[in-house]
Amino acid sequence: MGSEIVIFDTTLRDGEQAPGFNMNLEEKLRMAEQLERLQVDVIEAGFPIASDGDFLAVREIAKRVKSCSVAGLCRTRKGDIDRAWQALQHARKPRIHTFIATSNIHLQYKLRMSKAEALREAVSAVKYANGFCEDVEFSAEDATRSDWDYLSEVFSAVVEAGATVLNVPDTVGYSLPWEFSELMEFLVENVEGAEKIVFSVHCHDDLGHSVSNSLAALQTGARQIECTINGIGERAGNAALEEVVMSIKTRPSAFEVDTKIETEEIYATSLLLSEITGVAVQPNKAIVGDNAFAHEAGIHQDGVLKNALTYEIMTPQSVGVPESKLVLGKHSGRNALKDRLITLGFEPDHGGLQRVYIAFIALADAKKNVTNGEIAAIAARELNPVQSTTETLQIS
Ligand code: KIV
Ligand code: ZN
């Protein structure tokens with residue numbers, strides 16, 4: 001097992017910022033409790049200056065959470081930092097997370113600041129935050145579109161000012177994995193004091209690379225990954241925690257690191273978030289989607305029945321999914337159908353199975369899902385024609 005990286009969960013901050021994912025205080029507290037069970041290292045609980053609701057949520061989570069660090073986001077303004085600290089002060093392990101943009105586009109059009117001004121803001125914010133707590137994270141918003149030399153100058157200055165974590169956000173999901181690993185390598189080599197701090201990544205999914213970018217950054221020095229349950233977050237979302245963690249767990253020889261996530265809690269956490277927000281993940285979502293451990297094609301079902309390793313690279317139980325599903329549809333084969341018939345209490349011989357199979361495929365061709373009740377009804381009719389009427393009535 002390699003050294004453990006820091007899993008920083010921002011479901012309650014970046015995730016909650018996404019349209020349709022608002023949570024009230026009670027819901028955020030339930031999520032925070034579950035995140036603690038999942039054993040994330042840091043819970044980013046909100047952006048305290050943004051609203052009274054956010055402030056209260058960060059304050060309550062900070063008071064209740066026992067084992068994780070609790071972070072609150074703030075811009076570099078003193079008022080933001082004061083408000084963040086008011087919310088975080090009772091946390092057992094508080095972290096102030098302050099940020100300012102460093103890309104030319106953001107400096108020119110959004111902040112209307114010079115590079116020198118932004119650098120001064122960053123340094124004074126980190127110094128000010130450090131007066132409240134030791135753990136201060138600094139994020140260079142839009143880092144991946146920033147000038148690398150300027151980025152490393154800002155990072156060096158905030159390390160000197162007391163930052164403990166330097167976060168490299170791919171704010172607009174623009175980067176490609178090999179570019180991200182090069183940037184991380186550059187920063188590890190060029191930021192003064194790099195050996196004293198933890199490098200972090202925070203990737204958005206606009207081009208679908210958030211998880212790959214995060215993993216690529218790990219290979220060249222990042223030791224914290226910021227992510228969310230089900231990958232929720234601004235626009236196309238953030239790197240999905242379950243995908244990051246299970247990549248590391250499933251391919252240990254490809255990584256020098258591990259996480260302390262309780263992977264068996266992943267599915268419950270995903271379900272809780274969907275229940276609270278009313279937004280389900282798509283069926284083909286990696287790890288937690290309905291189809292992640294479902295097999296319909298006959299060849300696959302046959303393989304899984306013989307040995308699940310043929311088509312499953314992790315066990316469903318390792319992420320808290322009770323079991324794999326063999327979905328019976330028009331692509332299914334006789335072996336899976338026979339297996340289901342036995343589960344339903346039938347004992348088809350060769351000829352009987354063939355009759356049931358033909359009737360089943362005809363039905364599966366006509367409709368999307370064939371239920372257990374329908375399979376049992378076919379079996380009752382084809383395997384035992386005399387009793388078919390009464391048995392069909394009993395199976396609903
Ligand atoms: O995407 C981003 O840049 C952010 C920062 C505030 C960390 O969410
Ligand atoms: Zn973000």
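**Close-up 1. Polar side chains at ligand 1 in the predicted model.** In this predicted model, a polar side-chain atom of His204 lies 3.1 Å from an oxygen atom of ligand 1. The side chain of His202 likewise places an N or O atom 3.1 Å from a ligand 1 oxygen, and for Arg13 the corresponding separation is 3.0 Å. These are polar contacts, meaning pairs of N or O atoms within 3.5 Å. Of the 260 Å² of accessible area that ligand 1 has on its own, the protein covers 93% (Shrake-Rupley method, 1.4 Å probe).

**Close-up 2. The residue shell of ligand 1.** The residues around ligand 1, each with a heavy atom within 4 Å of it, include Asp14, His97, Phe99, Ser139, Glu141, Asn167, Pro169 and Thr171. At least two shell residues come from each of α1 (11-17), β5 (94-101), β6 and β7 (165-170); helices (H or I, at least four residues) and strands (E, at least two) are DSSP runs numbered from the N terminus.

Close-up 3. Ala140 belongs to strand β6, residues 136-141. Its relative accessibility is 0%, so Ala140 counts as buried (under 20% relative accessible area, 1.4 Å probe, protein chains only). Beyond neighbours within four places in sequence, Ala140 contacts Ile100, Thr102, Leu151, Phe155, Asn167 and Pro169, a contact being heavy atoms within 4.5 Å.

**Notes.** Residues are numbered from 1 along each chain as its sequence is written, with chains lettered from A and ligands numbered from 1 in the order in which they are written. Local features need pLDDT of at least 70 and side-chain atom pairs pLDDT 80 or more, while totals for chains, interfaces and linings use all residues; side-chain values use heavy atoms, leaving out hydrogens and water.

Notes
Buried means under 20% relative accessible area, exposed over 50%, partly exposed in between (1.4 Å probe, protein chains only). A polar contact is a pair of N or O atoms within 3.5 Å; within protein, one must be able to donate a hydrogen and the other to accept it, and residues adjacent in sequence count only if both atoms are side-chain atoms.
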